[in-house]
Amino acid sequence: MLHFFHKLASPKHFYRISGNWIPWLGLACFGFTLAGLYEGLLVAPTDYQQGDSYRIMFIHVPAAWMSLFIYMVMAGAGVIGLVWRIKLAEIMAISSAHIGASFTFLALITGSIWGKPMWGAWWVWDARLTSELILLFLYLGVIALYNAVEDSRTAARATSILALVGVVNIPIIHFSVEWWNTLHQGPTVTKFGAPSIDIHMLIPLLLMAVAFKLFYVMVLLMRARVEVLQRERNTGWVQELVSDYE
Amino acid sequence: MSEFLHMGGYAAYVWSSYGIALVVLLANLFAPILAHRKLLTQLARRHQRARRMKR
Amino acid sequence: MKPATLPQAFAILLRRDLTLAYRRRSEIINPLLFFVLVTAMFPLGVGADPALLRDIGPGIIWVAALLAALLSLETVFRSDFDDGSLEQLLLSPHPLSVLMIAKVLAHWLVTGLPLLIVAPLLSILLHLSDDAMHTLLITLALGTPVLSLVGAIGVALTVGLRKGGTILSILVMPLYVPVLIFAASAVANSDAGLPVNAHLSLLAALLVLATSLSPAATAASLRISMS
């Protein structure tokens with residue numbers, strides 16, 4: 001087992017093994033997405049309060065989960081990269097940033113679209129939406145820093161530190177925003193996270209969550225492969241690889 | 001079917017959400033595919049050039 | 001010559017930075033002017049209704065303080081980076097994180113502390129009550145060191161970059177959110193005659209947390225961007 005991970009950490013083997021995994025991940029992701037969409041759009045009953053508009057939840061909530069999850073993965077991979085100097089961990093950290101930012105953006109925009117019929121406004125300074133917005137800013141900071149630093153090794157290490165600082169701050173930011181929200185008595189309708197959720201609504205939610213997670217792993221591996229290739233472009237195995245190309 | 005598309009009057013909201021999700025996910029999917037292909041072509045070209053230089 | 005002990009090195013670095021800052025007085029005064037000007041622009045923008053100004057005053061002053069802090073952040077390491085003394089600092093035998101505290105302290109003394117001195121003037125301009133002015137001073141005293149400490153990490157990460165300035169604000173501003181929320185709502189609360197102990201304790205907690213974690217992060221960032 002340990003031997004397997006050790007081998008996986010070498011760029012060459014990672015490139016080969018991940019190439020084998022990606023199609024299967026894609027297939028699984030596609031299957032879960034189809035099942036989730038079927039359950040969510042056709043099987044799940046109409047909500048007695050929100051009508052059919054609540055079906056946005058099946059995208060919004062998994063995307064919001066992913067946005068936080070990916071930030072944690074990014075910081076975790078960053079720590080591994082910083083402490084043990086594993087190149088692959090650095091690559092995983094920085095490859096996560098764009099995907100995480102996409103999911104955060106998705107959570108924000110679907111939250112806003114869901115909010116329009118529910119709250120009557122495209123944007124409400126609701127605690128969760130506000131936290132999500134600040135999370136997007138944190139992601140954009142990571143991406144901006146990575147793009148600004150020229151040497152990709154240095155850039156990856158610098159962004160790892162930033163992600164780590166962000167992770168320490170996320171709970172504080174979240175707490176402060178909740179506090180601020182209760183203080184200012186915003187028009188908070190507790191429509192998110194209903195206390196008891198119908199099982200027919202929970203199933204598609206979980207299916208979509210799995211689908212999004214598989215999608216993340218798949219795209220992460222794809223991005224990491226490009227990054228590995230880029231960094232190892234002068235090594236023998238890449239030369240061998242590209243000599244067969246075309 | 002039309003009732004399904006109608007989404008109880010929330011069609012514009014529900015379908016635009018799903019549409020945007022589709023666009024965002026596809027963009028995420030294709031960005032690395034294109035980058036990968038571009039990089040491979042670029043590296044292959046460089047490799048060939050290097051081999052020609054050697055001869 | 002005997003090498004300096006850690007407290008000596010700390011004191012030397014602090015005094016050096018303060019002397020340098022004194023020689024470049026305009027760099028201290030400009031963010032301060034900026035702080036006053038931004039605040040003075042708001043009544044011109046939203047109207048001079050005293051009740052309105054009182055309502056939004058705490059937020060305005062704190063947002064202006066945030067921007068002023070951002071504006072002056074780069075000076076923590078910029079000149080040291082330009083003249084090469086930053087690399088000397090990295091070679092010092094003393095723990096870099098402790099030296100970072102000296103740098104940040106010096107920076108706060110020349111950029112954060114002056115904000116406290118002009119803040120009463122601004123609270124008069126915005127019709128804040130005496131209680132609110134009092135709380136404003138306490139929040140500035142507790143909050144601006146956090147801004148300097150957290151900001152120093154951002155500066156350390158961007159110090160070698162040509163276009164570091166704008167990126168710095170993008171990196172650092174989201175991290176300032178908790179300070180802004182607790183501080184501004186403390187001032188607003190005290191203007192409304194409500195208790196502010198919880199806010200101030202939370203700000204103090206943030207200060208303790210930032211003091212204990214940020215120097216190490218700053219030191220690590222600096223080592224990475226200087227490598």
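## Chain C

In chain C, 81% of the contacts with a separation of 6 or more are between residues 24 or more positions apart, a contact being heavy atoms within 4.5 Å. This is a predicted model, in which local features need pLDDT of at least 70 and side-chain atom pairs count only at pLDDT 80 or more, while totals for chains, interfaces and linings use all residues. Residues are numbered from 1 along each chain as its sequence is written, chains are lettered from A and ligands numbered from 1 in the order in which they are written, and side-chain values use heavy atoms, with hydrogens and water left out.

Chain C has 10 helices and 0 strands; helices (H or I, at least four residues) and strands (E, at least two) are DSSP runs, numbered from the N terminus. Along the sequence the pattern is α-α-α-α-α-α-α-α-α-α. The radius of gyration of chain C is 18 Å, close to the 17 Å that the globule rule gives for 227 residues, so chain C is as compact as a globular protein of that length. That radius is taken over C-alpha atoms, and the globule rule is 2.2 Å times the number of residues to the power 0.38. The C-alpha trace of chain C spans about 60 × 35 × 30 Å along its principal axes. Of the 227 residues in chain C, 53% are buried; buried means under 20% relative accessible area, exposed over 50%, and partly exposed in between (1.4 Å probe, protein chains only).

## His94 of chain C

His94(C) sits in the loop between α5 (85–91) and α6 (96–125) of chain C. With a relative accessibility of 16%, His94(C) counts as buried. Apart from neighbours within four places in sequence, His94(C) is in contact with Ala4(C), Thr5(C), Leu6(C), Ala9(C) and Leu99(C).

## Chain A

Chain A contains 8 helices and 0 strands, which run α-α-α-α-α-α-α-α from the N terminus on. Its C-alpha trace spans about 60 × 40 × 35 Å along the principal axes. Buried residues account for 54% of the 246 residues in chain A. Of the contacts in chain A between residues at least 6 apart in sequence, 78% join residues at least 24 apart.

Leu164(A) belongs to helix α6 (residues 152–184) of chain A. Its relative accessibility is 33%, and Leu164(A) therefore counts as partly exposed. Leu164(A) and Gly78(A) are 86 residues apart in sequence, yet their C-alpha atoms are 7.3 Å apart in space. Not counting residues up to four places away in sequence, Leu164(A) touches Ala75(A) and Val79(A).

## Helix packing within chain A

Two packed helices are described by the angle between their axes and the distance between the axes. Here axes are lines fitted to C-alpha atoms, for helices over the stretch in contact, and angles run from 0 to 180 degrees between N-to-C directions. Helix α4 (residues 87–119) and helix α5 (residues 127–148) of chain A pack at an angle of about 155°, with their axes 9 Å apart. That angle makes α4(A) roughly antiparallel to α5(A) (under 35 degrees is roughly parallel, over 145 roughly antiparallel, 65 to 115 roughly perpendicular and the rest oblique). The two helices, α4(A) and α5(A), cross in a left-handed sense, meaning that the near helix is turned anticlockwise from the far one by less than a right angle, whereas clockwise would be right-handed.

On the α4(A) side, the residues that meet α5(A) include Ile94(A), Ala97(A), His98(A), Phe105(A) and Trp119(A). Among their counterparts in α5(A) are Leu129(A), Glu132(A), Leu136(A), Tyr139(A) and Tyr146(A). The residues of this contact divide into 15 nonpolar, 4 polar and 1 charged; Ala, Val, Leu, Ile, Met, Phe, Trp, Tyr, Cys and Pro count as nonpolar, Asp, Glu, Lys and Arg as charged, and the others, Gly among them, as polar.

Chain B has 2 helices and 0 strands. The C-alpha trace of chain B spans about 70 × 15 × 10 Å along its principal axes, and 31% of the 55 residues are buried. Of the 2 pairs of chains that touch, chains A and B have the most contacts. Chain B and chain C are joined by no contact, and their closest C-alpha atoms lie 23 Å apart.

Helix α7 (residues 199–231) of chain A packs on helix α2 (residues 11–54) of chain B at an angle of about 20°, with the axes 10 Å apart. That makes α7(A) roughly parallel to α2(B). The crossing of α7(A) and α2(B) is left-handed. Residues of α7(A) at this contact include Phe212(A), Phe215(A), Met218(A), Arg223(A) and Arg225(A), and those of α2(B) include Leu25(B), Asn28(B), Pro32(B), His36(B) and Leu43(B). The contact of α7(A) with α2(B) comprises 16 nonpolar, 3 polar and 2 charged residues.
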